[in-house]
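Here's a quick briefing to read alongside the model. Keep the 3D view open and click along as you go.

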Amino acid sequence: PRSEPEFVELPLWDSMDRQTLAGGMWQDPEVFLKEALKELGNPDFDTEGKLPERQGSRRVQALVDLETYEIAERLFDKLLAAGRGDLRFRMAQFYYSKSFVHEYLNDNVTALALMDKMIPLFEHELEQNVNKDTVNWMFHAYVKTGAHLHHTGKYLDALDCFGKAEEVFQQYDPDRKGWVECLERVMVYTNMGIITGQLDRHNEAVKIGKKAWRELDNMTETESVERFLYLRGKACNVLEGAYLMLKQYSESLKYNREAIRVLKKSGKLKPSPRVDTTLVITYISGISSLIGVNDIESCHEVLDEVERLVHKLVEEENRYEMKHAYALIDMRRAMVQGEVGNFEKAFMHLAKAIELLEHLIETEGKTDLFHELIKAVRIKSDILDDMGETRQAIELIDDILALIDRLAKEYPQMELGNDRAYYIEEREKLRAKAGGKTR
């Protein structure tokens with residue numbers, strides 16, 4: 001099953017106003033539009049008052065940006081059709097930037113289609129002109145595509161993209177030794193470690209996580225302490241998750257606590273939605289290890305602390321994209337209550353989590369939360385099994401499988417085969433436990 005969504009750093013521009021939840025930023029589309037107009041011989045064309053006004057909610061502003069991007073894309077397409085092959089590299093950068101808007105709007109199909117367009121353009125440019133700029137863009141194109149494939153559940157394809165990113169430097173610029181290059185390698189390692197863990201290759205994930213850790217330990221200087229700390233936290237996330245799945249709870253907790261420490265420090269140095277999001281997920285992910293060492297009191301303390309953080313982000317800083325974290329907290333509270341036998345409270349927390357997730361999916365189109373909804377139902381199934389209600393637990397697994405089948409039809413771009421196989425296996429275990437008798 002999928003673990004909590006993980007996020008990667010992607011290098012772009014500094015406008016916090018045009019930023020995805022994962023930390024990626026898109027360029028002001030008017031920059032591209034004006035470039036296209038200039039290439040078409042209209043450098044003095046005044047766009048003032050001719051483009052939709054960028055105001056309203058962040059989502060509305062993103063839609064306005066998208067409309068401007070569409071205009072610019074039509075102009076670039078006209079230029080390319082007229083034989084302007086010299087603009088292919090700039091077009092690849094255009095696709096790179098525009099894909100972030102689609103990601104922010106949860107349009108994963110179009111985002112991936114843009115990445116499919118940009119990769120061959122960057123590859124062609126690199127073949128024709130090897131320099132630091134083309135190497136960097138090729139590296140980050142692979143990283144961005146890998147991050148998106150990971151987010152949409154295409155783990156093997158994502159791992160392949162991150163491997164290609166690593167190969168770019170090895171092939172074209174093997175002598176890169178500076179602090180920027182070190183942090184870029186660590187970024188690749190941490191994402192490969194996370195994905196490897198999600199593929200149940202936990203011992204391999206430990207090796208990759210320690211490789212990232214050593215790389216950071218060997219750094220002699222950095223001009224970006226907050227980014228160093230952020231990636232240290234991500235390396236800890238890899239090791240924490242791997243040791244958790246290996247049931248080495250004390251080791252998992254050690255890295256969870258270190259991750260929280262360095263992420264807090266990073267956020268103080270340079271506040272960032274990416275760091276906030278990672279910190280929230282890190283707090284939440286530590287609950288399973290605390291349950292593993294039977295430290296229920298700390299579970300309550302951690303969940304209270306992370307709920308205060310989420311409330312601050314959502315209610316005080318208007319970070320409405322973090323609302324789903326309330327559901328994740330309720331799911332962990334249910335796990336804790338189920339562990340101590342407070343089943344009524346556990347079911348109450350699960351009902352709240354499921355209600356919020358369904359609301360966000362139905363009203364805001366956040367289809368990526370379907371996986372969290374499935375997890376919430378699974379937690380309820382586990383609690384029912386612990387209560388001795390194995391038949392009801394099996395019925396909930398049947399409900400999960402029915403939901404997965406429905407999602408596979410409605411959203412064919414979602415790779416759900418591994419999820420389906422996993423829950424079929426879990427159902428068979430429960431059936432065997434119940435003596436093979438099902439409804």
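A residue is called buried when its relative accessible area is under 20%, exposed when it is over 50%, and partly exposed in between, using a 1.4 Å probe and protein chains only. By that rule Phe76, with 1% relative accessibility, is buried. Bear in mind that this is a predicted model, where local features need pLDDT of at least 70 and side-chain atom pairs count only at pLDDT 80 or more, while totals for chains, interfaces and linings use all residues. Residues are numbered from 1 along each chain as its sequence is written, and side-chain values use heavy atoms, with hydrogens and water left out.

**Aromatic pairs**

- Rings of Phe, Tyr and Trp (its six-membered ring) pair up if their centres lie within 6.5 Å; planes under 30 degrees apart count as stacked, over 60 as edge-to-face, and the rest as tilted.
- The structure has 13 aromatic pairs. One of them joins Trp26 and Tyr104, a tilted pair at 5.7 Å centre to centre with 50 degrees between the planes.
- Trp26 sits in the segment before α1 (29–39) and Tyr104 in helix α3 (residues 88–104), so this pair ties together parts that are 78 residues apart in sequence. (Helices here are DSSP runs of H or I, at least four residues, and strands are runs of E, at least two, numbered from the N terminus.)
- Trp26 is buried at 2% relative accessible area, whereas Tyr104 is partly exposed at 22%.
- Phe76 and Phe94 make another tilted pair, 5.8 Å centre to centre and 50 degrees between the planes.
- Phe76 belongs to helix α2 (residues 58–81) and Phe94 to helix α3, so that pair links parts 18 residues apart in sequence. Phe94 is buried too, with a relative accessible area of 0%.
- Phe76 and Phe94 also belong to one aromatic cluster together with Phe32, Tyr69 and Tyr95.

**Charges over rings**

- A charge sits over a ring if NZ of Lys or CZ of Arg is within 6 Å of the ring centre and within 35 degrees of the ring normal.
- Arg232 puts its charged end over the ring of Trp213, 4.2 Å from the centre.
- Lys380 lies over the face of Phe347, 5.8 Å from the ring centre.

**Helix α6 and its cover**

- Helix α6 (residues 155–172) has 18 residues and reaches 26 Å from its first C-alpha to its last, close to the 26 Å expected at 1.5 Å a residue. The expected span is 1.5 Å times one less than the number of residues.
- Its buried residues include Tyr155, Phe162, Glu166 and Phe169.
- Among the elements covering the buried residues of α6 are α5 (132–151), α7 (179–198) and α8 (202–217); contact means heavy atoms within 4.5 Å.

**Leu403**

- Leu403 is in helix α16 (residues 390–410) and is buried, with a relative accessible area of 14%.
- Not counting residues up to four places away in sequence, Leu403 touches Phe370, Leu373 and Ile374.
- The C-alpha atoms of Leu403 and Leu373 are 9.8 Å apart, though the two residues are 30 places apart along the chain.

- Most residues other than glycine have a negative phi.
- Lys247 isn't a glycine, yet its phi is positive, about 65 degrees. You'll find Lys247 in the loop between α9 (225–245) and α10 (249–269), and it is exposed at 61% relative accessible area.
- Asn294 isn't a glycine either, and its phi is positive at about 60 degrees. Asn294 is in the loop between α11 (273–292) and α12 (296–316), exposed at 58%.
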